[in-house]
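Welcome, and thanks for taking a look at this one with us. Please open the sequence and the structure side by side before reading on.

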Amino acid sequence: MLRLTQFLKQKETSNDLIELINLLMSACKEVDSKLQNGDLEGILGSAELENVQGEVQKKLDVIANDIVKLTLQQSKLVRGMASEEEDHSVAANPEGKYLVTFDPLDGSSNIDVNVSVGTIFSILRAPEDLVGCNDEAFLQAGNTQVAAGYVLYGPSCLLVLTTGEGVNIFTLGHNGEFYLTRENVRIPDTTQEFAINMSNQRFWEQPIRDYVDDLLLGEEGPRGKRYNMRWVASMVAEVHRILTRGGVFMYPWDSREPHKPGKLRLMYEGNPMSMLVEQAGGRSTNTKIEIMNVDPESIHERTAVILGSREEVDTVMDYHQKAR
Ligand code: AHG
Ligand code: MN
Ligand code: MN
């Protein structure tokens, strides 16, 4: 079986990018080992702190953030980073050529119930004319990402990675090496499975309500087939299921906080997941434009997210177009 580094070398990935990906993986392996110890280290539960988004942080949100941040700060390659758990970008090496955005622990409401969580990351180039590091440097559309991926801390610890030439999956062995276990993953174009938090139904816009209503009608409805539903509340786990067997994931805009364009964050959730999904032949939109075409205005910008099997996402868009 091919090791991560061997595989990337075969694909002619630059040595710098290989070094950065390996560095990120060293941090993720540390997060994985913390998660495995859990209560044995007294690290479950709330940190009783709030992040810049007004969310209460779990102890492991803070621990995972510190691990990834301190690891990246050691690298000569990293100019700076932006994290869900940091108010502003954090500088690293003033000569570094890459910027990294990350969600240190995605799905953190699932930590205490021992359900899968993950780390999501996106790698961007530092702009040529950038001096030092600032928040503005990160405001690049998703279609400029050099690489993106996530580590899923589930029954197996997996790295799902794209460097812009398809999506590949690596499994962490007991020897601490990631091995290539699935090459060039493709999302089926059609599906009979959807993922949405149904408890928000009354806050959705009409097109999403109409679309989901029609799915629920099954064989007797306009879609003419029976649909199944899943909601893990960890985006990493949902995207992983979609990469594995297809599906559509939706976290649409809703009227609970009408001034925000959505719940999920563009720079370290929307963009990296969209790159993976598109690289696997799927589609990802905010219902107005493709997510990776959005010009970000702030590092913690929110976005609506509809992603997954291409034909199903097209159908969601048809419901929106009809309503315009
Ligand atoms: P995070 O734990 O990084 O804040 O992200 C949680 C996200 C995402 O992973 C998941 O799809 C969604 O929030 C779940 O939201 P609800 O609890 O509203 O269903
Ligand atoms: Mn998240
Ligand atoms: Mn998070």
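What follows is a short tour of the ligand site.

Keep in mind that this is a predicted model. Ligand 1 sits in the second largest pocket. Both domain 1 (4-182) and domain 2 (193-323) contribute residues to the shell around ligand 1, so the ligand lies between them.

**Who surrounds the ligand**
- Ligand 1 is surrounded by 17 residues, and the closest are D106, S108, N197, M235 and Y251.
- By type, the shell holds seven nonpolar, four polar and six charged residues.

**Which strands contribute**
- At least two shell residues come from each of strand 5 (98-106), strand 13 (248-251) and strand 14 (264-265).
- Strand 5 gives the most, with three residues in the shell around ligand 1.

**Polar contacts to look for**
- The side chain of D103 has a polar atom 3.0 Å from an oxygen atom of ligand 1.
- In the side chain of R265, an N or O atom lies 3.2 Å from an oxygen atom of ligand 1.

**How covered the ligand is**
- On its own, ligand 1 would expose 470 Å², and the protein buries 87% of that area.

Conventions:
Residues are numbered from 1 along each chain as its sequence is written. Chains are lettered from A and ligands numbered from 1 in the order in which they are written. This is a predicted model: local features need pLDDT of at least 70, side-chain atom pairs count only at pLDDT 80 or more; totals for chains, interfaces and linings use all residues. Side-chain values use heavy atoms; hydrogens and water are left out. A residue is near a molecule or strand if one of its heavy atoms lies within 4 Å of it. A polar contact is a pair of N or O atoms within 3.5 Å; within protein, one must be able to donate a hydrogen and the other to accept it, and residues adjacent in sequence count only if both atoms are side-chain atoms. Accessible areas come from the Shrake-Rupley method with a 1.4 Å probe; for residues, only the protein chains shown count as cover. On a 1 Å grid over the protein atoms alone, a cavity is a set of points where a 1.4 Å probe fits but cannot get out, and a pocket is an open set with protein on both sides within 12 Å along at least five of seven lines; lining residues have an atom within 4 Å of a point. A molecule sits in a cavity or pocket if more than half of its atoms lie within 2 Å of its grid points. Helices (H or I, at least four residues) and strands (E, at least two) are DSSP runs, numbered from the N terminus. Ala, Val, Leu, Ile, Met, Phe, Trp, Tyr, Cys and Pro count as nonpolar, Asp, Glu, Lys and Arg as charged, and the others, Gly among them, as polar. Domain bounds come from an automatic or database domain assignment.
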